[in-house]
Structure formats: C-alpha cells, structure tokens
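I opened the notebook to go through this structure piece by piece. My entries follow in the order I looked things up.

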Amino acid sequence: MFIEIDFNSDEAIYMQLRNQIILGIATSRFQEGDMLPSVRQLADSIGINMHTVNKAYTVLKQEGYVKVDRRKGAMIALDIDKMRALEEIRRELQVTLAKASCKNISGEEVHALIDEIYEDYGKGMDY
C-alpha cells in the first residue's frame, strides 16, 4: 500500500492517512472488499505510532469507508448513506467556497477546478 505522509504538514497525521485512503478509493487503487494492512503493519511501514493508524481507521469506519473486524482487520466497505455524505460535503464546501469568494475566484473558475479534479477519479460531471 502506497501512503504518502507529510511529517512537516500542519494537518494531523491520522487525517493525512484518512485522506490518502479516501483518495485511493476514489481513484480505484482500493476497491470494495480490499483488505487494508493491519494497524501494526501500516504503522511500521510508514514509521508512525500504531494509535495514529488506529485513529485513522476508526474515523474511516465512522464515516462509512471501512468495516473493521477484530479477527480479519479493516476492509474497504462503502456503505455511506448518500444524503449524509452530501450534507457533509455541503458543510465542507461552504467554507471552501467562502475562501474562494474572498479571493475573488469566480464560480466558473471553481467549476473548472472541480471538473479537473473530478476527472482524476474517472467520473465525469453530470450537471
């Protein structure tokens, strides 16, 4: 598993790990049913504390990206409720779009950026 952690970033390591796994799902590096490395294996391979990996896996489980079985470990399981996911994205986008507005970034520029990023996930926008 290829995970890239920036130890100089202000973002918490467990959030970087969470985000890397979500990006892996979106780009099809990880598929439904794929097993993630054990907490110990991933911590050792990245060089971080096991509690940090455990926290990332817990957040991913709470958000509906993985299922955790004490015997089998963590597995990609996308059972996110779409309405809940849309509301969460709405909250996150409100702040991001407010930042864009403060920097005089137009709606057209935002849409172009979204299209560009979304293409990386192999899905076209249908709006």
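Is Gln-20 buried or exposed? I looked up its relative accessible area and got 19%. The cut-off for buried is under 20%, so Gln-20 counts as buried. I note here that the model is predicted.

**Gln-20 and its surroundings**

I placed Gln-20 in helix α1, which covers residues 13-26. Next I asked what Gln-20 is in contact with, leaving aside its neighbours within four places in sequence. I found Ile-3, Glu-4, Arg-29 and Phe-30.

**Salt bridges**

How many salt bridges are there? I counted three.

I took Arg-18 and Glu-63 to begin with. Their closest N and O atoms are 2.8 Å apart.

Then I went to Arg-71 and Asp-69. Their side chains form a salt bridge at 3.9 Å, N to O. Arg-71 has a relative accessible area of 79%. The cut-off for exposed is over 50%, so I logged Arg-71 as exposed. Asp-69 comes out at 27%, and I logged Asp-69 as partly exposed.

The remaining entry is Glu-87 with Arg-90. The closest N and O atoms lie 4.0 Å apart. How far apart are Glu-87 and Arg-90 along helix α4? They are three residues apart, so about one helical turn separates them. Glu-87 is partly exposed at 37% relative accessibility. Arg-90 has a relative accessible area of 52%, so I put Arg-90 down as exposed.

**The strand pair**

In which sense do β1 and β2 pair? I read the pairing as antiparallel, over four bridges. Strand β1 runs over residues 66-69, and strand β2 over residues 73-76. I looked up the partner of Val-66 and found Ile-76 in β2. A hairpin of three residues joins β1 to β2.

**A nonpolar patch**

Which residues make the nonpolar surface patch? I listed Ile-89, Leu-93 and Leu-97, with an area of about 230 Å². I followed up on Leu-97, which is found in helix α4, residues 82-102. Its relative accessible area is 40%. Patch residues need over 30%, so Leu-97 passes that cut-off with its 40%.

**The aromatic pair**

I searched for aromatic pairs and the count came to one. The partners are Tyr-118 and Tyr-121, with ring centres 6.1 Å apart and 90° between the planes. Why did I write down two values? A pair of aromatic rings is described by the distance of the centres and the angle of the planes. An angle over 60 degrees counts as edge-to-face, and this pair is edge-to-face.

Tyr-118 is partly exposed, with a relative accessible area of 33%. Tyr-121 also counts as partly exposed, at 22% relative accessibility.

Definitions and conventions. Residues are numbered from 1 along each chain as its sequence is written. This is a predicted model: local features need pLDDT of at least 70, side-chain atom pairs count only at pLDDT 80 or more; totals for chains, interfaces and linings use all residues. Side-chain values use heavy atoms; hydrogens and water are left out. Helices (H or I, at least four residues) and strands (E, at least two) are DSSP runs, numbered from the N terminus. Buried means under 20% relative accessible area, exposed over 50%, partly exposed in between (1.4 Å probe, protein chains only). Contact means heavy atoms within 4.5 Å. Two strands pair if DSSP finds at least two bridges between them. Patches are made of residues with over 30% relative accessible area and no salt bridge: like charges are joined within 9 Å, nonpolar side chains (Val, Leu, Ile, Met, Phe, Trp, Tyr) within 5 Å. Accessible areas come from the Shrake-Rupley method with a 1.4 Å probe; for residues, only the protein chains shown count as cover. Rings of Phe, Tyr and Trp (its six-membered ring) pair if their centres lie within 6.5 Å; planes under 30 degrees apart count as stacked, over 60 as edge-to-face and the rest as tilted.
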